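Please find my notes on this model below, as numbered points.

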Amino acid sequence: MVQVGQAGPGDNPPPRPRRVATLSVHTSPLDSPGTGDAGGMNVYIVEVSRRLAEAGVEVEIFTRATAGGVPPVVEMAPGVRVRQVISGPLEPLPKEDLPAQLCAFTAGVLRAEAARAPGYYDLIHSHYWLSGQVGWLAKERWGVPLVHTAHTLAKVKNARLAAGDRPEPAPRIIGEEQVVTEADHLVANTRTEAGELIDWYGAEADRVSVVEPGVDLDRFRPGPPGREQATRAAARRRFGLPVRGHLVAFAGRIQPLKAPDVLLRAVAALRRRDPGAVADLTVVVAGGPSGTGLDQPGALIDLARSLGVEDLVRFMPPLGHTDLPALFRAADLVAVPSYNESFGLVALEAQACGTPVLAASVGGLVTAVRDGHSGMLVDGHHPDDWGRAIGDLLAAPALRDRLGRGAVEHARQFSWTRTAAGLLDVYGEAVRAYRAATAAGMSRDADALSASVG
């Protein structure tokens, strides 16, 4: 396992691919994050693809077409094309139904390559296990290496399952194990995830690299120095929120895994313990139902009512990247109580805006949030513990200010340009190793043929 960084001046740089085929079967980079299956992975693919294109690498993204009348190919950015492959009905499908469409999707991917000159793509990068299954077949057909990023892992999710959530099915676990075995290289978002790939899936350590995601530091940024209060007030007016008082925000898909219910239960616990602590509190929940949350799309609203905190909670639809930074700047605190995150981009984006984050001490959040410096980590998901942590932070403005400054400093260590540079290192090593292995195999075949003839 290696931490990928940029090559030094004395290093022999690996070959750089000209074109990369990126596979994203179950969610399109053209979809807005925050609802359905669109989330951090969408942001990751969009931002990385743009930076790779800026570095001179063409990217073609294959995703499943989910609506009629859409162009088969969309130029998302200069050097980045999104190819929408017809596979199954032209409508969104639950992820559980997509394995039945993998043959059709794979056929569409192979046909697109067959229309090109041989050797058009130099490398495949698949995202999520469904895409990895397609990439496994395509790499054999094209004779190129497969780099895979899991984003989430079924065994890890099942070990940390939220109450009432459905476990990931056995076919997904089997599919992930196959992709881990067949991929030429695996990219993990954090050292924690790399360890999970090795320990839980038997990945070979020398085929796993850590490349941390980034944040758009031009879009997610704090207000002007010395004008923090004015910036916060303006952001709150933008959403019609109270200018005075405290504001805690949650932004993400509404599903048990993301645990927005933990935030509501925590606020209810805080109110029971200290009613005055929530007298001027507003809780914003921005997002749409997803995953098992689709079973009861109004469950969170019903929960707020049953807990007696509906007067404190404002529900918003998913916010695009023009509005999301404003919400983060409006908040005193952003809560990320997920049961698991491979990284937790929301936490990093909020910190980049100068807002401290209160996050669960799980998965990639341990990397995304620097405990005690850019935010605070909470062990477990008990409402009393979360309520106490929220109350303590809201009652300590000097601490929040210090954490806010640390949040900006911490977030500046991450950028999508840095992520793309790390991926280019991985791509180059994958291409070099694949070519070397292919050459060695051809040499062995030639020797065997010569021996048989002799």
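**Notes on strands and helices**

1. Val284 has Arg314 in β12 as its bridge partner. Strand β11 and strand β12 (residues 313-316) run parallel and are joined by 4 bridges; strands count as paired if DSSP finds at least two bridges between them. The model is predicted: local features need pLDDT of at least 70, side-chain atom pairs count only at pLDDT 80 or more, and totals for chains, interfaces and linings use all residues. Residues are numbered from 1 along each chain as its sequence is written, and side-chain values use heavy atoms, with hydrogens and water left out.

2. Strand β10 (residues 246-251) is also parallel to β11, with 6 bridges between them. Phe250 is partnered with Val285 of β11. Helices (H or I, at least four residues) and strands (E, at least two) are DSSP runs, numbered from the N terminus.

3. Strand β11 (residues 281-286) is largely enclosed by the rest of the structure, because 6 of its 6 residues are buried. Buried means under 20% relative accessible area, with a 1.4 Å probe and protein chains only. Leu281, Val283 and Val285 lie on one side, and Thr282, Val284 and Ala286 on the other.

4. In helix α6 (residues 191-201), the buried residues are Glu193, Ala194, Glu196, Leu197 and Tyr201. They sit on the same side of α6, because they cover an arc of only 160° around the axis, taken from the directions from the helix axis to the C-beta atoms. Gly202 follows α6 and has a positive phi, near 70°.

5. Helix α11 (residues 345-352) is mostly covered, with 7 of its 8 residues buried. Among them are Leu345, Leu348 and Glu349. Gly354 follows α11, with a positive phi near 85°.

Technical notes: Buried < 20%, exposed > 50% of the residue type's maximum accessible area, 1.4 Å probe, protein only.
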